[in-house]
Every structure is written in structure tokens, then in C-alpha cells.
Amino acid sequence: MDQALAQITERVRAAVADQTPLRIRGGGTKDFHGRGLYGDVLDTRLLSGITSYEPSELVITARAGTPLAELEAALAAKGQCLPFEPPHFSPGATVGGMVAAGLSGPARASVGAVRDYVLGVSLINGRAEPLTFGGQVMKNVAGYDVSRLMAGSWGTLGLLTEVSLKVLPVAPAEATLRFECNQADALRKLHAWGGQPLPLNASCWVQDGGVGTLYVRLRGAVAAVQAACKTMGGTLLDNATTAPDWSACRDHTLPWFAQRSQHPELALWRLSLPATTPVLALPAAAQPLVEWHGALRWVQAPASAGDALRAAAEAVGGSASVFVAASADPESASGQFDPKSAALAQIHARVKQAFDPAGIFNPGRLAAAW
């Protein structure tokens, strides 16, 4: 491990001296997202392995190149999990990539995001200096919580080498309920349930076989889940059958997502909205997939619909961005960083300058300027 870390550090030092851009890459499972992929590939998978795991303390530490599947398997063996359900998208996802991307799965609205579970990180900055922030317990955090700043930075601030994460026990009980209803009724149900003491964990509304269908996953104490199943109604589904479907929702392999393969002109748009937002007016024939109790809505639409989608989202206090560019237009950007004010743009630029003054890490991934 020391040799691998030394090798990568020297690679960064040489890149700084030569002003050579570096493209930080783990499993490459999220290469589809971002403005562009530039620079010499710096593979983090040399930094692999779980370095510390204390099940009784609910904390695990792993090197950045550790396969995410390996970490999840170690947790499952002890009856624990990453409750935010990070998406893999394809085999090879790594722990460092999970944190750098900052993406969460179906349970995000109920349990929190990746950044809420990051306790500490070690990284190499743009001066080839090894830095450590946070630790293995919440009390290690003092001053600026820099470790959580790395979540969602997409490798533009530094090269993660090790990550410490808070984990949780697997819920004692789980159930999925199915309701046939249109999108408006689904949102009304979710808003009503959100004000009640119910063990809501995840939700998904989608046109399933031409029929509007709401799926709600409950997790928690056995008594709480059983009581909710009785009071909420709907059709109780078999857990063995629904578990793969929730994983498919997480990794965008549900039939709804696969439809885009037949329509290369369509991009996958991500609308982040207040959960109480009603049904939005969308481009003709566009039926969304709704997650996070209404707060996340996926839409398949061409790039030409961008202005209308952004306007609709911003009108209710949300945002819209391309998550996956249309295959017919591979040069278009997805996940474009778009600060809403000049002041915010300056803050981000200064943070980038502080961590990566030479601008060698993942240039252009989030913004054209850096």
C-alpha cells in the first residue's frame, strides 16, 4: 500500500511540475456524467482494501480504489449497510468514486445523502501533499468540515486515497406496497404519509405497463412496518421479488430507463424539486419517473426541451440538469455545473484554487473554467 500511495503521489507531483492534466478514475462507472473527460488517466484502483472495520462502532475505513461491492459485502456479513444506497450503474464502482460523485439511491430522502455518512477522508491535493480531514467519529470534526466537501466534487479538488464512513444496521423489517394511481394521486399520498409517523424509506412512481403505479418501501422495526402495512393499504409484494427491482431503480436498469436506447435523441434529465411540488407540465408525451417522495423526477426529453424544463423547475424552487446526454449528441454536456450567482461562482473558484492551484485534477469535468 505504501508503495502504491508513493507511486500515485509521485505521479501527481510530476503532473504539477509539467502542468499535465490528470483524469482521476476508479472503475469508470460514472464516466457518462459531466462536461468532459480530459487528461492522462490516473487509476485509483491501486489503492484498494478495507483498512479498518469496527462493527460495534458502526464505522468502516477503506482505501479509495476498493470495489464498492467488496465493502458492501463486508458490511452485509455483519448485518450492516450503507443506508443511502449508492448507485453502482455497472460493475467496478469504487468507494472513492462513490464519495466523489456524491450520488445516493432510492432511500436518500429518508436517510440522508453520501456526505451525511462521510466521517473523514485522506487525499492528495494539487501540490502533491497528503492531507487528512475528519476521522472515524463525529467528534473528530472541528472547524471546516472539509471531508464532506469532497462528496460531489467529482475529483476536481483532490485525489481521494482513503475514506471513513458511518454505517448502520440493516433494518429488522422491510415491506413494499404497490398502489395503482396517477402521478397526482401518488404525490398526494406521499405528502400525506410524510406527515405521519410511518417508516417510509423509499418510493417510486412510474408508468408500469401503461398503468400509473406507486411503489413504497417501508423499513424499520417489525411492529412499525406491520402496522403501516395495515393502515396504508395497497398490495403487499414479496420482498424477494422487489429487492432486485429497487436495485434496478438505484442503478437505472429499470425498463423505464432502458427505453432511451430506442430513442437516441433523448437525454435523461434530473429534476431536483421540493417534495411538495405538484405535477409539472412536461414536454409532450414525457412521463417522469418520480423518486424521493416527489423530490426527484427523472425525465426523458431532447436537449431542445432544456429551457422549458429548467424554467419549470426553477419556478418551484428547484433545478433541472442533464444527467446522461443523448446518445445522438455525445458531445453535449451532462451534469453541467451552473452556479446561480457570480458570488457563488467565485467561492467555488477560490475553493478550487486552494486545493488544486495548478488546475490539474479533472479539468472541465464540472465547469469550463476549471
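Me: In what sense do strand E3 and E4 pair, and over how many bridges?
Reply: Strand E3 (residues 50-54) runs antiparallel to E4, and 4 bridges pair them. Two strands pair if DSSP finds at least two bridges between them. The elements themselves are DSSP runs, numbered from the N terminus: helices are H or I with at least four residues, strands are E with at least two. Bear in mind that this is a predicted model, where local features need pLDDT of at least 70 and side-chain atom pairs count only at pLDDT 80 or more, while totals for chains, interfaces and linings use all residues. Residues are numbered from 1 along each chain as its sequence is written, and side-chain values use heavy atoms, with hydrogens and water left out.

Me: Ok. Which residue of E4 stands opposite Ile-50?
Reply: Ala-62. In the hairpin of these strands, 4 residues lie between E3 and E4, and Leu-58 has a positive phi near 60 degrees.

Me: What else does E4 pair with?
Reply: Strand E8 (residues 159-166), again antiparallel, through 5 bridges. Thr-61 has Ser-164 in E8 as its bridge partner.

Me: And how many of E4's residues are buried?
Reply: 5 of the 5 in strand E4 (residues 59-63), where buried means under 20% relative accessible area, exposed over 50% and partly exposed in between, with a 1.4 Å probe and protein chains only. In a regular strand, side chains alternate between the two faces of the sheet. Here Val-59, Thr-61 and Arg-63 point one way, Ile-60 and Ala-62 the other.

Me: Switching to E16. Where do its side chains point?
Reply: Leu-296, Trp-298 and Gln-300 go one way, while Arg-297, Val-299 and Ala-301 go the other. Since 6 of the 6 residues of E16 are buried, the strand is largely enclosed by the rest of the structure.

Me: What lines the second largest cavity?
Reply: That cavity has a volume of about 120 Å³. Its lining has 15 residues, and Pro-87, Ser-104, His-252, Leu-296 and Trp-298 are the closest to its centre. H8 and strand E16 (296-301) each supply at least two of the lining residues.

Me: Where does His-252 sit, and what's its phi?
Reply: His-252 is in the loop between helix H8 (239-250) and helix H9 (255-258). Its phi is positive, near 60 degrees, in a residue other than glycine. His-252 is buried, at a relative accessible area of 17%.

Me: And what about the largest cavity, how much space lies in it?
Reply: About 330 Å³. Among its 25 lining residues, the closest to the centre are Ile-24, Arg-25, Gly-26, Gly-97 and Ala-100. H3 gives the largest share of the lining, 4 residues.

Me: Last one, H6. How far does it reach?
Reply: Helix H6 (residues 183-194) has 12 residues and reaches 16 Å from its first C-alpha to its last, close to the 16 Å expected at 1.5 Å a residue; the expected span is 1.5 Å times one less than the number of residues. In H6, Gln-183, Ala-186, Leu-187, Leu-190 and Trp-193 are buried. They cover an arc of only 130 degrees around the axis, so they lie on the same side of H6; the arc is that of the directions from the helix axis to the C-beta atoms.

Note on methods. On a 1 Å grid over the protein atoms alone, a cavity is a set of points where a 1.4 Å probe fits but cannot get out, and a pocket is an open set with protein on both sides within 12 Å along at least five of seven lines; lining residues have an atom within 4 Å of a point. Grid points are joined across faces, edges and corners, and a volume is the space filled by probe spheres set on the points.
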